[in-house]
Amino acid sequence: MVSLPVRDPVADHLLTPQNSALVVIDYQPSQFAGVRSMDGDLLLDNIVSTVKTAKAFDLPIVHSTINVATGRGQPTVPELAKRLENSRPIDRTTTNAWEDAEFVAAVRATGRRKLILCALWTEICMAFPAVDALQEGFEVYPVVDAIGGTSKEAHRAGIERVVRAGAQPVSWVALAVELQRDWAREETVADVIEIVLTDRLLKA
């Protein structure tokens, strides 16, 4: 029972803690209220678990909101905001985050080319920046069960659009296991078991 040598964690074609960043866009009350593609409580649980996973592996996190400064929008929902307290939200007026200079600069500053993308709604605030990032040579991984659209059809169309452009969908559980990859990597085993199994999948 011998694992192969660890592949180059930066050049690896799979997601690793060294080659990826998490992007979290517009998890605000009005966006949650408009989601019709999945249960809102489950969606919140899934995005919180995704952020907890990213933090367990020390991934860079880019956090953005829309229209808070203008007064048209409210801040990130409290359950998620407390998990993102060290990631100052970049507020925008653009529905496409990739058309905001500060946001794009923050993504580039991570130095990562693989972007794990979570946004509300799927068909707008996920799809628009995903397509732009792909055009600029980034790899994009939408976390399909931690995002939501205004209908099941809208969510599906948003996913299909970015997949056709080259995105690679992932689920929040698969993301955690892909970052862990080998249970012999002891540093993060306890965190992954707690986040995925204890707190969620095996919770009574």
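**Close-up views of the predicted model**

**View 1. The sheet has 5 strands and is open, in the order β3-β2-β1-β4-β5, with parallel pairing.** Strands are DSSP runs of E with at least two residues, helices are DSSP runs of H or I with at least four residues, and both are numbered from the N terminus. Two strands pair if DSSP finds at least two bridges between them. The edge strands, β3 (90–92) and β5, each pair on one side only. From one strand to the next, the twist averages 25°, taken between lines fitted to C-alpha atoms, with angles running from 0 to 180 degrees between N-to-C directions. The model is predicted: local features need pLDDT of at least 70 and side-chain atom pairs count only at pLDDT 80 or more, whereas totals for chains, interfaces and linings use all residues. Residues are numbered from 1 along each chain as its sequence is written, and side-chain values use heavy atoms, with hydrogens and water left out.

**View 2. Strand β1 pairs with β2 and with β4.** Strands β1 (residues 20–25) and β2 (residues 61–66) run parallel and are joined by 4 bridges. Ile-25 has Ser-64 of β2 as its bridge partner. The pairing of β1 with β4 is also parallel, over 6 bridges. Here Leu-22 stands opposite Ile-116 of β4.

**View 3. Strand β4 (residues 114–119) is mostly covered.** In β4, 6 of its 6 residues are buried, that is, under 20% relative accessible area with a 1.4 Å probe and protein chains only; exposed means over 50%, and partly exposed lies in between. In a regular strand the side chains alternate between the two faces of the sheet. Lys-114, Ile-116 and Cys-118 point one way from β4, while Leu-115, Leu-117 and Ala-119 point the other way. β4 pairs with β5 in the parallel sense over 4 bridges, and Leu-117 stands opposite Pro-142 in β5.

**View 4. The structure holds 0 disulfides.** A disulfide is a pair of cysteine sulfur atoms within 2.5 Å. The cysteine sulfur closest to that of Cys-118 belongs to Cys-125 and is 13 Å away, too far for a bond. Cys-125 is in no disulfide. Cys-118 counts as buried because its relative accessibility is 0%. Cys-125 is buried as well, with a relative accessible area of 7%.

**View 5. Helix α6 (residues 152–165) has a buried side and a face turned away from that side with exposed residues.** The buried residues in α6 are Ala-154, His-155, Gly-158, Ile-159 and Val-162. They cover an arc of only 135° around the axis, so they are on the same side of α6; the arc is that of the directions from the helix axis to the C-beta atoms. Among the elements covering them are α5 (122–135) and β5 (139–142). Lys-152, Glu-153 and Arg-164 are exposed on the face turned away from the buried side. At 1.5 Å a residue, the 14 residues of α6 should span 20 Å, which agrees with the 20 Å between its end C-alpha atoms; the expected span is 1.5 Å times one less than the number of residues. Gly-166 follows α6 and has a positive phi, near 120°.

**View 6. Gln-31 lies in helix α1 (residues 29–33).** Gln-31 counts as buried because its relative accessibility is 10%. Apart from neighbours within four places in sequence, Gln-31 is in contact with Asp-26, Ile-66, Leu-120 and Trp-121. Contact means heavy atoms within 4.5 Å.
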